[in-house]
Amino acid sequence: MQSWFTFELDGEVCRVERESTHGTLASYLARLDPCFAHFAEHDALLAPRLVVLGTHEGDRYRFRIVDAGLMLMPMLADRQIWTPEGIRNAEPEHPVNLAFQEGSFECSGERLDTIIALTFEGYYRPDLRRQGQVNDQYDAIVTRTAHVPAIREAAVQVFASTEQLRHEAARKAERSGDESTVWTGKKDIFGDRFTRQLFRLPESRSLQYVDGKKRRFFRPETLVELIKLNREYPTAAFIAGGTGLGHFAAGDEGGTDLISLEAVKELNTVVSTEDHWEIGGAVSLTQTAEHIGRECLAFNKVLRRFASRPVRNRATLGGYLATAWASGQLAPLLMALNARVRLISADGERDAPVSQFYAGKGRTILQAGEIIRGIVIPRNTEHALSTRGVTSRLCDAYTVAPRRTGCAPYATGGFALELRDKRIAKAWVAYSGIDDSPMRVREAEDFLAGKNWDEGTMIETLGILNRSVEVTLPGNGGATTGYLKQLVGTLFQKFYHQHPRPGSLRPESLTATGEFAKLEEPFFLTPRT
Amino acid sequence: MSETEDHLSPFRLPTAGPAKHTRETFGERLRRRREQLAQGETIKALSSWQARARVLTALVVESPHPRASIIRCRADEARRLAGVEAVLFADDIPPFRNSLGHEFAGEPLLAEDEVHYRGQPVALVIGRDEAVCREAAAKLEIEYHVTPGILSIDHALAMVSFHEATRVCERGKVTPALAEEGLRSSGSFLIPPQQAPLTGSTEVRVTPVRGGRGYSVKARALSPALIRTAVARTADIPESEVQLEPVGLAGVTDALELEPVRLAMLATRAAMTCGTAVVLKVSSPDSPLVRGQRHPVKVDFDAAHDDDGKISALDLKLHVDGGFYASDSTTVMDRAALHADSVYGIANFRITSQLCRTHRITSSSLPAEGSAQGAWAMEEIIRRVAGSIGKTPREVRETNFYIEGAEPKTAPYGQPVQAASIGRVWNQVLRRSDYDSRVAAIEKWNRRNPCYKRGIAVVATKFGLGDPRPERDAAAVLVQILADGSVLVRVGLVDVNDGFRGQIREEVATRLGLEEEAIRVILNDFDVLPRSTPVIGADACGLVLRAIADACKRLQSRLREVALQLFAARGQTEIEIEAIRFVDGLVGPDISPNHPLHFREVIEGAWRKRVNLVETGYHRTPNLWWDHELGAGWPFSAFTYAAAVAEVQIDAFTGEVQILRVDFAHEGSPSPDQGDRDFAQLMRAFTLGSGWLLSESVPYPENDEPSACNVAEGVPGFADAPFQVVTDRLRPLGDPLALPGDPCAEAPVLLAGCVREALWDALRSFGLKPELKIDLPLPSTPPSVLATLREISRQIHERETVAKAAPAAD
């Protein structure tokens, strides 16, 4: 057991001694220096205090934007943190600093800090390539004072510069044949002070830390160690991303020991086989999207409306399921994807479909000492479909909320159909935000099986949905039960209109958005040679 | 100090009390002390460092009921709790001191026998920390006799519960004009409140300073000068003994105006009681004491018009919810009435405004408060008139505009309107947005797409800069030129970090011919400049810029004399003093590289000659007046005109609305270099308005039980912003001296009205017809839009059923 740990703060090694295991980085920074005084006033929704976390994820190095108010201090051991202040001072001529040097982007420096931190992450993101992703990168900004058009314009310039750099690096790398390392971000193409330090970052090591009040924080490296610790400290709480532990963030009062899942290798890997993905229980939502989003478009789509980028960078799929959020956006999609949850404990392993994982209001089938080892999501490659005797699989999910991002949704619907030509072989119809836990509507699914996928079937299904779905959850943000009941039908209608034909795997565009937002336009167009 | 209070105060600063005002002799002081000792009083004094270091927490105990009588208050158990220093009720405050002052219309500091709104302060618990205070607050025995409160405008109208007599502003003869034959449209609708979801700390800290002779106050407030006055009045000390600690604000929506004043007075009372620094906290972050809300307005109208939609007479009634204590609600009501004509010159126009007394708390510190409600009411009427005659709202708007050279030429209260400016922004925005072809394209698109429908609308606005209370339309600055020629500018304006600092720097640089780097601007300076200009409801920017011009003019005049002497010393004696200019750091009649005098040289000369290089600038808008009894006046320093086109899209499956594109044509600030700032201000105000209209739900009317509603969830996020924004910044017409300094700060809130109009336009594509009785509630959240779509379908279906049944019956 050690009573200290170190982490890198703005390029300097910072030694922390006897700091509370339940204290947050935001409160630590607020005490550290007057320039961070505003970190004391943290509000996860309206005033997130964003910093950049350097991470070493398997064979990749990444900068991830995180909310300092949701980062417990011992989580930082051996990690790297850049604050907006540090980013400004370390390289004043950095493109991000230059882009936001002048102009009325936001009122007050604190809010400009948020923009700088978000742009900094975006600058180094290898997957940020199209203008439609700008909203996704900046969705943590919820103020009445942001000058959104100006921020968008500056962001496009910054991200275009990084794309240009990447194109040039890729052209050079073609000769040596390691072009893919550029596009996946495995190679440092920037060579600046930030990336030089990032690429030196070691993998997460195990940690056993005790604070001044004798509370312990464990960060085991393997599943075996984790189970041992759990047996030894049965009252200790598991902590993954920490985004759901807002009550700890309040201060020192929490008394429990904590076991972090962040360094457990088995929980932090994504196994990809021909017929499924197995996402480790501690893999963040952003990482999950990076692995499966290209193939599973619906996952990316739903994730874009899930909380905000800093939360998605820390929240894990396992943590999301364990909290049994009644109106969470991901559960209906996971049900529609026919995902299964793998649980592990000292007594062994078991698994269950996501729909059976929930056990009523705020409860799951997780037992004491059990953890979510992973989530198995079947892949729907041609080979996998043909082995099931299916010609196509339509899957989509829709979220409705008071605003695009960063708020609790009214309701989400997840739908999937497996078709043999025009005939439905199997159907998945799932909702969250309607009942006290996410649910599947078996009656509608049974009705759909064996029918042709056409408008008549859709209309008949609406009657069944209307009859069989009872709204028991009081809607948030002014949504009445009548509205939620209406959504049960209209979301399914939307699914039909976006996927009217068995072959329409990509949703048909029904909106005029494309005429106004250059969603698919790349930041940087490769010059023709 | 009352006896009760002395009993409650374990600590007392040595010089507290009335003695500080009178010059007591040593003998008198000795006698007073002997008398105190003879009466058995024990005074434990704290030294100033102890008073600063010992910080107590004061918790406001608030009324849980909107209306109730207080039957009994007991705090014995709470006072016995370890760590509790004092518990104050209204009875514990000295006579005639339990008042918030005239700004709050006689509201008591702590409720006496009755409570009149939910959240009204009933008691103050002062203790070691917040946990102790909360524990003690839970032990208070306060018994209420609850009576039904008036919680809506309708209820107040039914109960004839008003604050004051009705105010009427009339042009022409409305009653006879309405009686004439012609088409009539009438109706009623409600504009709900908007809440200010604040992110920063709402606590107020009051610290005794100078041995208890004064107080230092730290509060997040838009009008620190009001806080200074309130604290001085509470502590019965001169205002000069109150220090205001600056707090960084992020925009005008980051703080409130009157709410912090109430809290500062409570905190001062707590600090006086205990003689130490006190941090005042409210019961919860959602307490009505820290959650400002706009005034809800109910509108009734009766309009006479012709087939073209030309309104010949309009009888408009504005019923404003003024809460129980109408703090500055009368001004809000006036602003609503003064903007109700918008850009429409209606010959016979009567605006009747009435302030309803309800059991609620009101506030007015959000931008364009009152004016937005007034202007939107008019747009709603225009649309209803258009609907009734089957014309497009755009046609009816154009028909009713003020017309250059034609009557009426003034607003109903007599202030001239520049009709040319209305036409200019209107035509500009139509041209720039390519309105006609877009209307055609949208119609075509809507015919093809059953699931998503688009709508477009154009709206023009006229916004009055200034405040109907002329005493608020003044600004003072202090300009100091230092020995090296650099300049220090102090401004008595709260710093909301919206880029105004840069505009001041630019103004000074232009006036004195300097580089902007040589100028430092200090905002938030309320010690040197006690007059603080309100940042909301007044053209603060214009006032400050003119005050700077005033100071610079006098400094230039002195420096010219110095320059003349320096030129004379060089032998250049034929220079006229009026010809000397200040440009690019050079001074002289002919700014050429041959014979320049550097600004620095002139300043050095001025220092040697002991010329005063410190100047106060002051500006007040002349001839402002507003007589609400006459319904006439010249209440605004200027009008600013703007127009906007908005295009929106409705998702028929969910009711979600997306703003696709907005085009603006607006008058900009005087400086051509402030385009970026104008654009930023424009977007901020527009976001505020569109959030109010589309997503920010506030429970209104309130129920007897408080309803949970996270208002912050409705504030538009990054992804909710319009996909495309096009702006045309025009140079304002008219007298340059009357040009607004910052026309984009509040006026674009009104422009957000075009989003709602576009929404109505999109509803037409879902089958909305004038004969259907459809109401689209405000804010138009997804649930309310989907409910409206459903109602449209229901009514269409009902009519079709009736129509089918009629021939069968025949």
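The model is predicted, so local features need pLDDT of at least 70 and side-chain atom pairs count only at pLDDT 80 or more, while totals for chains, interfaces and linings use all residues. Residues are numbered from 1 along each chain as its sequence is written, and chains are lettered from A, with ligands numbered from 1, in the order in which they are written.

**Chain B**
- Chain B holds 21 helices and 28 strands, taken as DSSP runs (H or I of at least four residues for helices, E of at least two for strands) numbered from the N terminus.
- Its radius of gyration, taken over C-alpha atoms, is 30 Å, close to the 28 Å that the globule rule (2.2 Å times the number of residues to the power 0.38) gives for 810 residues, so chain B is as compact as a globular protein of that length.
- The C-alpha trace of chain B spans about 105 × 90 × 50 Å along its principal axes.

**Confidence in chain A**
- The mean pLDDT (the predictor's confidence in each residue, from 0 to 100) of chain A is 91, and 97% of its residues reach 70 or more.

**Where the chains touch**
- The contact, which counts residues whose C-beta atoms, placed from the backbone, lie within 7 Å, takes 50 residues from chain A and 54 residues from chain B.
- On the side of chain A that touches chain B, the elements giving two or more residues are α4 (109-124), α6 (148-176), α20 (481-498) and α21 (513-516) of chain A.
- The largest share of that side, eight residues, comes from α20(A).

Methods
Contact = placed C-beta atoms within 7 Å.
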